[in-house]
Amino acid sequence: MNTRTASHAPSFPAQPIKLYRVAISGHAHRVELFLSLLGLPFERVDIDLAARAHKTAEFLAMNAFGQVPVIQDGDVTLADSNAILVYLARRYARDADAWMPTDPVAAAAVQRWLSVAAGPLAFGPATARVIQLFNKPDSPDEAIARAHALFAVMEQQLEQSTFLAGNAPTLADIANYSYIAHAPEGNVSLRPYPKLRAWLARIEALAGFVPMVRTPIGLAA
């Protein structure tokens with residue numbers, strides 16, 4: 001079983017890290033969750049999508065794609081949730097090698113699930129939720145089908161290990177948690193996946209866990 005050991009003496013931010021976010025964004029929540037798990041001071045800066053604050057020149061200077069999340073950590077500005085997770089682990093985590101291993105095989109295992117978070121997760125349960133959340137005219141059927149296909153694979157993985165990339169939490173789990181926990185909001189049921197639901201509970205039991213705001217849509221209504 002994996003154990004966590006201090007891999008280096010981390011620095012500590014001289015001032016709170018600014019997290020530019022939208023509260024209902026799972027991409028933003030995964031960063032907020034990791035900041036909280038690491039016990040880092042941070043300040044939430046909510047971006048008004050309806051007012052197109054994410055398309056202003058000021059915001060685009062931080063992220064040319066006009067997307068949340070973005071963090072400002074002193075003179076470092078970073079966009080992309082998975083990139084931010086890697087940065088925070090490497091710069092601040094006392095157990096950086098546990099969250100993002102340097103061992104080639106273990107690192108590849110985590111990277112696999114970061115790719116899943118940017119692919120099947122984003123185009124499956126996250127997309128199904130967006131369709132419900134913003135009342136889009138698109139059919140959710142393909143996204144829901146992709147979600148169930150992904151969850152079936154995850155269920156098999158979690159029969160072999162406690163977490164997605166081993167028996168201790170890594171960035172693989174942080175990157176995938178938020179949209180899976182909120183999949184019912186996109187009419188994707190978690191009932192057929194007991195191992196997946198147990199995995200969600202294990203993440204929610206971590207010291208420093210913070211939930212993402214729930215919206216009363218889909219199966220969560």
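Below is a short chat about a predicted model.

Trainee: What should I know about the model before we start?
Mentor: It's predicted, so local features need pLDDT of at least 70 and side-chain atom pairs count only at pLDDT 80 or more, while totals for chains, interfaces and linings use all residues. Residues are numbered from 1 along each chain as its sequence is written, and side-chain values use heavy atoms, leaving out hydrogens and water.

Trainee: Which residues of α5 are buried?
Mentor: Ala107, Val110, Trp113, Leu114, Val116 and Ala117. Buried means under 20% relative accessible area, with a 1.4 Å probe and protein chains only. Helices here are DSSP runs of H or I, at least four residues, and strands are E runs of at least two, numbered from the N terminus.

Trainee: And what do the buried residues of α5 pack against?
Mentor: α1, α3, α4, α6, α8 and α9. Contact means heavy atoms within 4.5 Å.

Trainee: Switching to Ser161: buried or exposed?
Mentor: Buried, because its relative accessible area is 11%. Ser161 sits in the loop between α8 and α9. Leaving aside neighbours within four places in sequence, Ser161 is in contact with Gly166 and Asn167.

Trainee: What about the sheet, which strand order does it have?
Mentor: The order is β2-β1-β3-β4, an open sheet of four strands with mixed pairing. β2 and β4 stand at the edges with a single partner strand each, so one side of each has no neighbour in the sheet. Strands pair if DSSP finds at least two bridges between them.

Trainee: How many bridges join β3 and β4?
Mentor: Four, in the antiparallel sense.

Definitions and conventions: Buried < 20%, exposed > 50% of the residue type's maximum accessible area, 1.4 Å probe, protein only.
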